[in-house]
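Here are a few exercises to work through with the viewer open. Try each one before you read its solution.

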Amino acid sequence: MLDRRCDSLAQAFEGIGDGARVMVAGFGEAGRPNMLIKALLDSGIKDIDLISNNAGDGETGLAALFYAGRVRKLTCSFPRGAMRELAMELVTSGRMELEVMPQGTLAERIRAGGCGIPAFYTPTSFGTLIAEGKETRHFNGRGHVLETAITAEIGLVKAHKADRYGNLTFENLARNFNPLVAAAATCTIVEADEIVELGDIDPNNVHSPGIFTNHLFTTRPVPEDSWQDWKETA
Amino acid sequence: MTPLTRDGIAARLAQDIQDGWHVNFGIGMPELVANYLPEGREILLHSENGILGMGPYPDEKDIDWTLINAGKKPITMIKGASLFDHAWSFGIVRGGHLELCVLGGYQVAPNGDLANWARDADDPLPAIGGAMDLAAGAQRIYVMMTHNANNGAAKLLTSCTYPLTGAGIVKKVFTDLAVIEVTDDGFLVTDMIPGLSREELQARSDAPLAFSDTIADLTDRAA
């Protein structure tokens, strides 16, 4: 029987050690898998090699991983927001490595990772600081920069609807990086607003086919005050 | 002479957006242009996080946090909108499908170079977002900015001193004092605010300016 549904959030991260590369989908708070981020925090995994477009806001959600000191490296396009000061401190003190790239390059590197394309040329960033040290090549008279694919051991995804095969739909602009991350991670963990019966999602409207989903949970709200729980064991 | 307000610059820029264009407005000042799109033109707004057909900001009671723009502000969708993932969205950008992108600017050079993402190459916390992809991908880049920095420094420079967002990509610059085309021969002024002399405009610019045979009056359409 092909059933991606799981009960235990703790089991979802079993066998994942410190230093794991984890990709988190979402843009701002839209399509951000906050229940899974909380489970990652609760798992105690350290030295996370984190890939996420944003670094989070406030002290909850994604930002809590930084406050708890769990992130060794952040790969993103925009490390600013409400936790800018913390990010600055982590980077300048050498406690966190930072790799920043154009947003479309990040998206395409993740897409390529999920699709078996090891590298690609993009016109983005040619002639800028970001292209320094990278291979470049001209196509049709225009300069391009070689960028490599990104994959991860774990991908955290937020869906709107899911079925037990792991087929997913996303709502409005909560789609963003979600289908890309689903494909690019070896183990894709999904939280969905609703898990529906097989056939309830019109095959024409599947945004991410089930083959990419490994573990599937129903989203439950994370109590706002529980984001500070890590302090008790720190 | 009265320099244009930010809304005045937006309203002037909006006049140059044609019916049927697909347009991305960068975060910040360019977002204002959406308020001044000329009546009778159908212009579809793109946002990097995956939409064509972005509508106005919603009323407080209608906010849906799955409907946000690249600046993470709540938006609405117009009838006929389409949604797609981030890879497709930047495929639209990089693939040259957008007729126009409007970006803010720190510095622009006569060769079309734009600097708008960092004032310091050694910033420990650089933030790029989608600006470099938009700069590289849109069919034309218009830059919207004040003519001078807060400290009076020129922003139209012989060559940019800040890190580049894109090389050779700017087609037009809209400031609070003038509209300037970027041509093969450098900057060409086409519009100026009344009462400003060519000498004064040149004095407030570092790069040499050429002037069109006829200079249009740059008036505040937003006022």
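**Exercise 1.** How many residues does the largest nonpolar core have, and which of them have the most contacts inside it?

*Solution.* Keep in mind that this is a predicted model. Start with the count: the largest nonpolar core has 132 residues. Next, look for the residues with the most contacts inside that core: Val22(A), Leu156(A) and Val181(A) in one chain, plus Leu114(B), Ile141(B) and Val143(B) in the other. Now zoom in on Ile141(B). Leaving out residues up to four places away in sequence, Ile141(B) touches Cys101(B), Leu103(B), Leu114(B), Ala135(B), Ile169(B), Val170(B) and Lys171(B).

**Exercise 2.** Work out the strand order in the open sheet of chain B, and find which strands stand at the edges.

*Solution.* Walk across the 10 strands: the order is β4-β3-β2-β1-β5-β8-β9-β10-β11-β12, with mixed pairing. At the edges you'll find β4 (77-83) and β12 (209-217) of chain B; each has a single partner strand, so one side of each lacks a neighbour in the sheet. From one strand to the next, the twist averages 25°. Ala178(B), for instance, has Met192(B) as its bridge partner in β11(B).

**Exercise 3.** Is helix α2 of chain A mostly covered or mostly uncovered?

*Solution.* Count through residues 34-43: seven of the 10 are buried, so to speak for a mostly covered helix. Among them are Leu36(A), Ile37(A) and Lys38(A). The buried residues of α2(A) pack against several elements of chain A, including α1 (9-12), β1 (21-24) and β8 (152-162). Finally, step just past α2(A): Gly44(A) takes a positive phi of about 80°.

Conventions: Residues are numbered from 1 along each chain as its sequence is written. Chains are lettered from A and ligands numbered from 1 in the order in which they are written. This is a predicted model: local features need pLDDT of at least 70, side-chain atom pairs count only at pLDDT 80 or more; totals for chains, interfaces and linings use all residues. Two strands pair if DSSP finds at least two bridges between them. Helices (H or I, at least four residues) and strands (E, at least two) are DSSP runs, numbered from the N terminus. Axes are lines fitted to C-alpha atoms, for helices over the stretch in contact, and angles run from 0 to 180 degrees between N-to-C directions. A residue is buried if 20 or more other C-beta atoms lie within 10 Å of its own, exposed if 12 or fewer, and partly exposed in between; C-beta atoms are placed from the backbone. Two residues are in contact if their C-beta atoms, placed from the backbone, lie within 7 Å. A nonpolar core is a set of buried Ala, Val, Leu, Ile, Met, Phe, Trp, Tyr and Cys residues joined through C-beta atoms within 7 Å.
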